[in-house]
4 protein chains.
Amino acid sequence: MTFNIIRSARAVLHVKDLDASRTFYEALGFVETESDDEHIYYRGLEEHNHHSLLLKKGDEASVEVISYKVMSEADLDQLASLFDRKGYKVKWVEAGAQKAIGRSFRVQDVSGIPVEFFSKMDTVDRMLQRYDQYRGARVQRIDHFNCMVSDVQKAYDFYTEELGFKCSEYTSSDDEAIWAAWLHRKPSVHDVAFMNGDGPRLHHIGFWLSDQLSLIHACDVLASMGYVDSIERGPGRHGLSNAFFLYLRDPDGHRIELYNGDYLTSDPDFKPIRWDINDPMRQTFWGHEAPDRWFNEASLVQNVYTGKTLPLQEPTLKKKKPTFII
Amino acid sequence: MTFNIIRSARAVLHVKDLDASRTFYEALGFVETESDDEHIYYRGLEEHNHHSLLLKKGDEASVEVISYKVMSEADLDQLASLFDRKGYKVKWVEAGAQKAIGRSFRVQDVSGIPVEFFSKMDTVDRMLQRYDQYRGARVQRIDHFNCMVSDVQKAYDFYTEELGFKCSEYTSSDDEAIWAAWLHRKPSVHDVAFMNGDGPRLHHIGFWLSDQLSLIHACDVLASMGYVDSIERGPGRHGLSNAFFLYLRDPDGHRIELYNGDYLTSDPDFKPIRWDINDPMRQTFWGHEAPDRWFNEASLVQNVYTGKTLPLQEPTLKKKKPTFII
Amino acid sequence: MTFNIIRSARAVLHVKDLDASRTFYEALGFVETESDDEHIYYRGLEEHNHHSLLLKKGDEASVEVISYKVMSEADLDQLASLFDRKGYKVKWVEAGAQKAIGRSFRVQDVSGIPVEFFSKMDTVDRMLQRYDQYRGARVQRIDHFNCMVSDVQKAYDFYTEELGFKCSEYTSSDDEAIWAAWLHRKPSVHDVAFMNGDGPRLHHIGFWLSDQLSLIHACDVLASMGYVDSIERGPGRHGLSNAFFLYLRDPDGHRIELYNGDYLTSDPDFKPIRWDINDPMRQTFWGHEAPDRWFNEASLVQNVYTGKTLPLQEPTLKKKKPTFII
Amino acid sequence: MTFNIIRSARAVLHVKDLDASRTFYEALGFVETESDDEHIYYRGLEEHNHHSLLLKKGDEASVEVISYKVMSEADLDQLASLFDRKGYKVKWVEAGAQKAIGRSFRVQDVSGIPVEFFSKMDTVDRMLQRYDQYRGARVQRIDHFNCMVSDVQKAYDFYTEELGFKCSEYTSSDDEAIWAAWLHRKPSVHDVAFMNGDGPRLHHIGFWLSDQLSLIHACDVLASMGYVDSIERGPGRHGLSNAFFLYLRDPDGHRIELYNGDYLTSDPDFKPIRWDINDPMRQTFWGHEAPDRWFNEASLVQNVYTGKTLPLQEPTLKKKKPTFII
Ligand SMILES: [Ca+2]
Ligand SMILES: [Fe+2]
Ligand SMILES: [Fe+2]
Ligand SMILES: [Fe+2]
Ligand SMILES: [Fe+2]
């Protein structure tokens, strides 16, 4: 491989009411780098890049793109060449067209997910030691994307064989078809996960917290502000990934995961961990069921050329969720 | 009032398999003071009294009695006189008849709950600073009983007017009938709570933890030992009481609550807090629903004279659980 | 005893710069009930009384009074009678003379500490479940006073024999002279502690936190704001009391303790715990030494009649601090 | 660079009494993979490699070697070639000569530190989700080495220019001489740090914890077992690295750091953070001073050929510790 994708880097979400979004994301402790009438640029406390979450005012809630950072401009070119060779229509976005970010290219990936790659983003002051500014969940940094796609095997193959991702854990059914896979570039459990379902959709964006109590405090803060309906699932412990988690729905229904406690996956001799789809401890180590809407609802994604949301395709595997909760 | 009930002090539970119980309660971090073939005496880490939970081998799971500690032997006599005057049949248990405990009396209370009062229990070494012995949930001390009774108003009246309990918080419906009440002697939210339902039954025993993470760790420990089905509800934050909670079912189905984070209720000017029965944040501040079995299932209690479990009576108030989850 | 002192209730501190004080106490998460040019009234998150800390603008840093709440107006009169009988000059302060507080009396106690008793204080909304307002150390409530006095035995005798306080723990030297004692009315380790030293002085005011991480976060917040010199001692675990602690110095040098994790002391059979003055684990269970200024410095207290600060008297016991750190 | 050093991987320490060591390390929660009369092999809860800490019975306390894991056998050969070309005498250790580990080579590095590189170690079951086995500090994994060397600049140059390490943070004095540097291969703050002082010595080995309360609990556990003298410094927050830390001395005086809370350093645009040597918040963000022995004492290291401990050299920079604590 002649390119190095470093990590999941940012998401660009369309939201209908920036003020409503701001109230929600500020409660979680996101740092607002800057904003205007059409955009809010958020980052986590430890992030030195300009933003990891960009909210754009839009007519409907949707996902414009999810972005990965690559090591250098040369890596970016090599990666674009790969997509080109494989027959993908790469759309370049020149430097300056997007605030704070260098040139990038966007492409509909093998599952139809709109992905973007870039190597340069403006740097800003880290707030990691500005403890006086800590609020809510004390969000530290972006951690991963979770995508619902109609053919997980196909996504798995492309990301591992062509893009250099490694698998840390996966879920499969009795016939060993892959129902979901957790893939990483940085040595954590994942930068992106793919789950079987009506896709392409973005299921959630995971943000990393430094501790469990910040996550619990986030529940308390959101509840005290009237966001009870935003607390969708958790807090709980994932069996898969071992992370302590909380799933929230923002005012537009985009799902945010607060996440703490996975492990180092740096070594080539780490064997991907298999979970049976019907193991009740896979999703929640404590046996708790996820609510139906967690399985059924996700954010529509845009066509990178037209900006229109993509229609959904039926999943390859019939089971959309584990039998133990059906 | 010429007597002083100090606090909820211990519960005596019948269980079918002491070994199965021991595995469960040790995982939670209870300290075993002593045991024999028929009994296990447990206490929390900070407790200097011999036990706060007594498990007895029995043919069926039931509650023999829940016990309160009073200030002195004179208080005990005065309290017995009260029950006597009110027409209750008091059953004295002489000193020496129960291990580690002085003379006591038992009585079926106004709701049919088997209660016991004593003033003396053997003291033992506290384990509070034996951190090397801490395990699981690091249970600190007994905190409260929660009883399901058919007429909460009647229980409320007797405990507040005759026994000197004070109300910290309560739940009522639109017509102001009391659906549940939290009553205390020690200046915490409660030593005992009464909830409307098929009664008399013991809904759960609450044990106090010193922190939230011990409670989360308890989930992890229990799950890793295969006790997923024992994790019934939570972790979550109660709206009512503000406590961080976890409800567990022991191997016999007795319900144990791990509990942390209520507040000081020492002052006469503290006004009882009213919660509407249909306020979704009352039970779980974060809006989570309790499972049906949490509402419907509870431990049968014994007749203090015969040892037989008592039949259940229909509750006075029709709603057994809040409408928002019906 | 014909009166019931409920608990330590508030302190009145003179500070030289209210704005400087406000920046500090807000960082800790105190709730400002109200203020004017000469006063700031603070309370903790769970407190339903108007304030537990009153800062008054003054020419020098000093302690005007520390206040205890009693059960009723009748208790207040009985308590005043006791002081009167014992030859203390009681100074009544009529209702209305102090904001939010009913009539009270003040008196120089047996050690010269200016103490006040009252039964009524205005009630306000609790902020316990306004998690969106939580900041810094998330101070929950006032817990205790710690006084440096020249004759601990005398203070101990008066508070236990005349005022009805109970001893939870104490420090003594080889000859069993009491070097320090922890005394309570509410069933915690203490409402007031007396330590041997140049007195009368107020060593610190302890505020209760609900968890350890809020205390650690307080260090981070204060440090990020430039208050490194205010972090005097800790965080650490007290051997005596078992509490997790942090000692801070406010901008006037008044010492504030953040405190979490003591235990229930409700029972008459609880035996006071003796610590040897030279046991290194008494002060800090982990063996850490306290800095000299923690032993030597404390706030001067006022004469309740003149408002002048009192001169200091040499302590009865020669050792001012444990030998292991001398 | 034609080789990829993945991460710091294990340390081999000589200790005089394996039983004494076992009591200490078990208290911290290390997992014993296996042992015999001369060795104990420890790993952290999340580690899937056989061990990250090897204790060998020896006549004196010393460091046999610190080891790094490389990506493949080819990387290992390339790396050996580099050392060879640079004039270092590489000592190969064949597969089978060390339990659980493939072939490796050892070399005295540019500072005289005995380092080892290998690519293969046996894998074992992770204990990450065996929460029932968690004890003490719940050590998760090895994180870094800290070495005291006489010429930090020289070490910095070799590790960054020849071995591919990146600098996350560093300490320098007014004339910009580097007093200490934190260097990483995995994207954390460091795999190894070099500090100016009498060297070569191993100052400490850092182990990563998943949360702050496990670190505090470690203090409590060690104190309750009589290890008060082993608690050398902390708990505290490092300014540099932002980690929450605790320094312990094992029964032989080897220093172990428990460590939690640094940040992701994956990006090429992350600018190394400079700290002035006299900034009091560098070492402890809260301003606490480190004790003298923390600066002066460290473990002697062995000559990889003779097994003899190396003599110390005076440091290049005169200041051995920051002026603010001199
Ligand atoms: Ca934590
Ligand atoms: Fe996720
Ligand atoms: Fe309860
Ligand atoms: Fe104190
Ligand atoms: Fe370190």
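**Metal sites, core and interfaces**

Author: At 1% relative accessibility, B:Glu257 counts as buried, where buried means under 20% relative accessible area, exposed over 50%, and partly exposed in between (1.4 Å probe, protein chains only). This is a predicted model, in which local features need pLDDT of at least 70 and side-chain atom pairs count only at pLDDT 80 or more, while totals for chains, interfaces and linings use all residues. Residues are numbered from 1 along each chain as its sequence is written, chains are lettered from A and ligands numbered from 1 in the order in which they are written, and side-chain values use heavy atoms, with hydrogens and water left out.

Reader: Which residues coordinate the iron ion (ligand 3)?

Author: Donors are N, O and S atoms within 2.8 Å of the metal (3.2 Å for Na, K and Ca); water is not among the atoms, so sites may look incomplete. The donors of this ion follow the spacing H-x59-H-x52-E along the chain. At 2.0 to 2.2 Å, the iron ion (ligand 3) is coordinated by B:His144 (NE2), B:His204 (NE2) and B:Glu257 (OE).

Reader: How many residues apart in sequence are the parts that B:His144 and B:Glu257 tie together?

Author: Strands (E, at least two residues) and helices (H or I, at least four) are DSSP runs, numbered from the N terminus. B:His144 is buried, with a relative accessible area of 0%. Because B:His144 lies in strand β9 (residues 141-149) of chain B and B:Glu257 in strand β16 (residues 255-260) of chain B, the parts tied together are apart in sequence by 113 residues.

Reader: In which strands of chain D do D:His204 and D:Glu257 lie?

Author: The protein donors of the iron ion (ligand 5) are D:His144 (NE2), D:His204 (NE2) and D:Glu257 (OE). Both D:His204 and D:Glu257 are buried. The pair links distant parts of the chain, 53 residues apart: D:His204 is in strand β13 (residues 201-208), and D:Glu257 is in strand β16 (residues 255-260).

Reader: How many residues does the largest nonpolar core have?

Author: A nonpolar core is a set of buried Ala, Val, Leu, Ile, Met, Phe, Trp, Tyr and Cys residues joined through side-chain atoms within 4.5 Å. In soluble globular proteins, nonpolar side chains tend to be buried together. Those with the most contacts inside the largest core are A:Leu258, B:Leu258, C:Leu258, D:Phe117 and D:Leu258, and the number of residues in this core is 406.

Reader: Which C-alpha of chain A is nearest the axis that relates chain A to chain D?

Author: A rotation of 180° with 0.0 Å of shift along its axis superposes chain A on chain D (RMSD 0.0 Å), by least squares on the C-alpha atoms of residues with pLDDT of at least 70 in both. The two copies are thus related as by a two-fold rotation axis. In chain A, the C-alpha nearest this axis, 3.1 Å from it, is that of A:Asp211.

Reader: How many salt bridges are counted between chain A and chain D?

Author: The contact (heavy atoms within 4.5 Å) takes 34 residues from chain A and 34 residues from chain D. A salt bridge is a side-chain nitrogen of Lys or Arg within 4 Å of a carboxyl oxygen of Asp or Glu, and one joins D:Asp269 to A:Lys69 (2.8 Å, N to O). Between chain A and chain D, the count of salt bridges is 6.
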